[in-house]
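Here's a quick tour of a protein fold.

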Amino acid sequence: METYEELGPHEQRLDGAWVVTPEGTIGDEVDRRIFWLVRYRLWPRGAAHGGWDQLYLDPRDGRLWELTFPHGSLHGGGPRRLTHMPREVAAAKYGSVE
């Protein structure tokens, strides 16, 4: 299994992209890192908009992160975006975040 860098304290937003290759369209390094983070490092805390927006907790520092798919018209929602979300904003959108 490939591993990626943990989220750093300076990071606020990660934007994945798709790359067209002869084999098809694949996620770039950032998109794959986001997938790895939400699968192996971050803890799920909530969902909104039918599950297209998802809230995660980084157990290492307690920061909240929102996973979204800003290109929703693309197949599968398109590339991923992971954005740091302040607690008060997360609580307003997702309810309890504990």
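Let's start in strand β6, where Leu64, Glu66 and Thr68 point one way while Trp65 and Leu67 point the other way, and all of them are buried. Here "buried" means under 20% relative accessible area, with exposed meaning over 50% and partly exposed in between (1.4 Å probe, protein chains only). Bear in mind that this is a predicted model, in which local features need pLDDT of at least 70, side-chain atom pairs count only at pLDDT 80 or more, and totals for chains, interfaces and linings use all residues. Residues are numbered from 1 along each chain as its sequence is written, and side-chain values use heavy atoms, leaving out hydrogens and water.

**The overall picture**

- The protein has 2 helices and 7 strands; these are DSSP runs numbered from the N terminus (helices are H or I, at least four residues; strands are E, at least two).
- Reading from the N terminus, the elements go β-β-β-α-β-β-β-β-α.
- The radius of gyration is 14 Å, close to the 13 Å that the globule rule gives for 98 residues, so the protein is as compact as a globular protein of that length. That radius is taken over C-alpha atoms, and the rule is 2.2 Å times the number of residues to the power 0.38.
- Of the 98 residues, 37% are buried.

**The sheet**

- Five strands make an open sheet in the order β1-β7-β6-β5-β4, with antiparallel pairing. Two strands count as paired if DSSP finds at least two bridges between them.
- At the edges sit β1 (13-15) and β4 (43-48), each pairing on one side only.
- From one strand to the next, the twist averages 25°. Angles like this run from 0 to 180 degrees between N-to-C directions, using axes that are lines fitted to C-alpha atoms (for helices, over the stretch in contact).
- β1 pairs with β7 (residues 81-85) in the antiparallel sense over 3 bridges, and Asp15 has Arg81 as its bridge partner in β7.

**β6 and its neighbours**

- How many residues of β6 are buried? It's 5 of its 5, leaving this strand mostly covered.
- On one side, β5 and β6 pair antiparallel over 4 bridges, with Leu55 opposite Glu66.
- These two strands form a hairpin with 6 residues between them, and Gly62 in the turn has a positive phi of about 80°.
- β6 is also joined to β7 by 5 bridges, again antiparallel, and Thr68 stands opposite Arg81 there.

**The core**

- The largest nonpolar core has 13 residues, and those touching the most other members are Leu7, Leu14, Leu37, Val38, Leu42, Leu67 and Leu82. Such a core is a set of buried Ala, Val, Leu, Ile, Met, Phe, Trp, Tyr and Cys residues joined through side-chain atoms within 4.5 Å.
- Two elements give two or more residues to this core, α1 (29-41) and β6 (64-68), and α1 gives the most, with 4 residues.
- Apart from this core lies another, of 8 residues, among them Leu57, Met85, Ala90 and Val97.

**A residue to check yourself**

- Is Thr25 buried, partly exposed or exposed? With a relative accessible area of 48%, Thr25 is partly exposed.
- Thr25 is found in strand β3 (residues 24-27).
- Not counting residues up to four places away in sequence, Thr25 touches Trp18, Val19 and Val20, where contact means heavy atoms within 4.5 Å.
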